[in-house]
Amino acid sequence: MEVVTQKKQRKMGNVWGKVKHFCQTIFNKKARKIALMTGLLALLVVTGYLNFSLNQNAVNINAGSKTETNMFITLKENRQDARLARQLLLEDIIANSSSSAEARSKAEAELQALASEIAFETNAEGMITAQCGYEEVIVSRNDNKLNVIVKGDSEVSEENLQKIAKILATAMGKDRLEPEKGDALFISTM
């Protein structure tokens, strides 16, 4: 029995030797470089094809859908981002132990004014939308100057102008807006 196993081992060793010799001759340095470069070239061609075909599909999909950005949403988001940045800055001044007492009190007053401004504008926008029937409204207050932008099909009617002025005066805690005392109201449509 031992003789048989030795012959099988010798045969197997001989086969592995032949396979090893075959691989060494096929894959010498030059052949390995050629095989590697061919494989990389094939991958490059496949990647280029996939990139081209996927981009064509994306262009066709985007050409079929028309996206419209809403200016009112963009303006409100920009306003919200600016307010948040201002709020964070004021809160940092208040929380900073190296800030002077004067700087902290000034920052607290500005933070309170910012909260009041946000409440005023949000309230006024909601009331104008509800009472005048506009789809979108943006109100901004800067001292005694009020800017109102409304989204409508046509110019603002005289009736709606009166409603808007009354809403803003009420929101400011006044009986009416008084242009001679510096109150200014600018209304535009889009």
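Visitor: What is the general idea behind a salt bridge, and how many are counted here?

Guide: Side chains of opposite charge can pair when their charged atoms come close. In this predicted model, the count comes to eight salt bridges.

Visitor: Which residue does Glu125 pair with, and how far apart are the closest N and O atoms?

Guide: One partner of Glu125 is Lys76, with 4.0 Å between the closest N and O atoms. The two residues come from distant parts of the chain: Lys76 belongs to helix 3 (residues 71–95) and Glu125 to helix 4 (residues 101–132), a separation of 49 residues.

Visitor: Are Glu125 and Lys76 buried or partly exposed?

Guide: Burial is read from relative accessible area, with under 20% taken as buried. Glu125 has 8% and is therefore buried, while Lys76, at 27%, is partly exposed.

Visitor: Where do Glu121 and Arg79 lie, and what distance separates them in their salt bridge?

Guide: The salt bridge between Glu121 and Arg79 has an N to O distance of 3.3 Å. Glu121 is in helix 4 and Arg79 in helix 3, so this pair ties together parts that are 42 residues apart in sequence. Glu121 is buried, with a relative accessible area of 1%. Arg79 has a relative accessibility of 19% and also counts as buried, because the cut-off is under 20%.

Visitor: What is the N to O distance between Arg79 and Glu125?

Guide: The side chains of Arg79 and Glu125 form a salt bridge at 2.9 Å, N to O. Arg79 is in helix 3 and Glu125 in helix 4, so the pair ties together parts 46 residues apart in sequence. Both Arg79 and Glu125 are buried.

Visitor: Now a helix. How is the spacing of its residues read, and which residues of helix 5 are buried?

Guide: An α-helix has 3.6 residues a turn, so residues three or four places apart point the same way. In helix 5, the buried residues are Asn160, Ile164, Ile167, Leu168, Ala169 and Met172.

Visitor: What is the length of helix 5 from its first C-alpha to its last, and what follows the helix?

Guide: Helix 5 (residues 158–172) has 15 residues and reaches 21 Å from first to last C-alpha, close to the 21 Å expected at 1.5 Å a residue. Gly173 follows helix 5, and its phi is positive, near 85°.

Definitions and conventions
Residues are numbered from 1 along each chain as its sequence is written. This is a predicted model: local features need pLDDT of at least 70, side-chain atom pairs count only at pLDDT 80 or more; totals for chains, interfaces and linings use all residues. Side-chain values use heavy atoms; hydrogens and water are left out. Helices (H or I, at least four residues) and strands (E, at least two) are DSSP runs, numbered from the N terminus. Buried means under 20% relative accessible area, exposed over 50%, partly exposed in between (1.4 Å probe, protein chains only). The expected span of a helix is 1.5 Å times one less than its number of residues.
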